[in-house]
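Q: I am new to this structure and would like to learn how to read it. Could we go through a few features together?

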Amino acid sequence: MKQQAMPINLDELPAKRAYTRIPTVLLKRIKLNTAQGEYAKRVQRFTLSAVAAGGQIYSFTCDKVNGEQPTCTRTYEGFSRDLGISVSSVGRAVGSLIAGGMIERKSQSEYITTLTKAGTFLRLENWVNTIKIKVKNKKGEIIERRLTLSERLVFSLIFTHCDNGKKGGNKYVASYKEMHAVIGISEKTISKAINTLIAAGLVIRAEYERGVNRTHKSIYHINNRLLSRNRAATSSLIGGAKRQSKTPEEARAESIDRERWYSQRRLEAEERAERNERKARTDNRFKAADTELRTLASKEAYADLRGDLEELTLLQARRRELEEQRIKALRRLHLTPDDLLPQYYCQICNDTGFTEQGKLCGCYAAAHKGKLNK
């Protein structure tokens, strides 16, 4: 039985946030040198992880403010948290973007885009990266998960065409074959992604005009409640009359300053945690216990899946022993387990700028009181 998504409550979605802009050049085939020699080349596409990371870097660094290009400051752990992919996938994604000439690394955790004139791009609201949907797995159990990268990309394609503000908007007509030509993922994957988005209530397909095969076109719409909610959020600018009087350039500059401020705070917290972890792993007892702990999760999951309660009990007991050894080792270094985790300045938004309900956090305004009222 296939995984089947359940409708989400659109009223619980956060208000419209900033877009991530995904340059379509990231979706096209590129040429990269292989290790076989200077003239040996192969044609390939960026992975979806690279597309997602590249979109975030491009969105933040492509527009100059006061003649200067902003820098995207983010650790691998920050990308991993925001995009829901592993740290190792982030590392490979960033490496391929640098090798492909799409971004440059200014220093550790600092990037700029080379795509000053990237042409067309797809738009994706940032909440789509973190929203969780409920699905039934093959056992019939209900689980929560994020949208996959392919589901986000398909949604971005449909959303970009539907939320264009033109007459006759909220309509995208295409076949799976045409979608594949734009975003590069397989038609089978596109079909699965669309079915999930429809079941979740984010996308609507005109069933009576549904294509009978991959070459026939179907008509897709973004849920009207979602679009009307977004447009209402656009018209009601934050901060009342004073905010409304700002020019688009001033609003853009403030948005970039806000993101830079939060990025710097997140980076400081994450680098502090990384330094503490490096210090802790200089202790051989901590390193041994920590390394073994990281392998136990998969063993416990496998034992649970097999229904081997005896093995699961032994593994859980071993976990408790290792955790105690880990804590003792940290005490010798005058550290605590919390010191290995990012300790963000704001406990409400974790230095993201948004509360769990998707509302703007007040910490930025409080720190810039007076400056924003000018």
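Q: Where is T24 found?

A: Helices and strands here are DSSP runs, of H or I with at least four residues for helices and of E with at least two for strands, numbered from the N terminus. T24 is found in the loop between strand 2 (19-23) and strand 3 (30-33). This is a predicted model, so local features need pLDDT of at least 70 and side-chain atom pairs count only at pLDDT 80 or more, while totals for chains, interfaces and linings use all residues. Residues are numbered from 1 along each chain as its sequence is written, and side-chain values use heavy atoms, with hydrogens and water left out.

Q: Is T24 buried or exposed?

A: The cut-offs come first: buried means under 20% relative accessible area, exposed over 50%, and partly exposed in between (1.4 Å probe, protein chains only). With a relative accessible area of 13%, T24 is buried.

Q: Which residues is T24 in contact with?

A: Contact means heavy atoms within 4.5 Å. Setting aside neighbours within four places in sequence, T24 is in contact with T120, F121 and L122. A polar contact is a pair of N or O atoms within 3.5 Å; within protein, one must be able to donate a hydrogen and the other to accept it, and residues adjacent in sequence count only if both atoms are side-chain atoms. The side chains of T24 and T120 make such a polar contact, at 2.8 Å.

Q: What is the nearest side chain of opposite charge to R152?

A: For charges, Lys and Arg count as positive and Asp and Glu as negative; His and the chain ends are not counted. A salt bridge is a side-chain nitrogen of Lys or Arg within 4 Å of a carboxyl oxygen of Asp or Glu. R152 is buried yet has no salt bridge, and the nearest side chain of opposite charge, E151, is 6.9 Å away. The side chains of R152 and N129 are joined by a polar contact of 3.2 Å. Apart from neighbours within four places in sequence, the residues in contact with R152 include L83, L124 and V128.

Q: How many disulfides are there?

A: A disulfide is a covalent bond between the sulfur atoms of two cysteines. The rule used here asks for a pair of cysteine sulfur atoms within 2.5 Å, and the count comes to 0 disulfides. C346 is in no disulfide, as the nearest cysteine sulfur, that of C361, is 3.7 Å away. C349 is in no disulfide either, with the sulfur of C346 nearest at 3.7 Å. C346 is buried at 9% relative accessible area, and C349 is buried at 3%.

Q: Which value of phi does H334 have?

A: Phi of H334 is near 60°, a positive value in a residue other than glycine. H334 lies in the loop between helix 11 (309-332) and helix 12 (363-367), and it counts as exposed at 74% relative accessibility. N350 lies in the loop between helix 11 and helix 12; its phi is near 55°, and N350 is partly exposed, at 36%.
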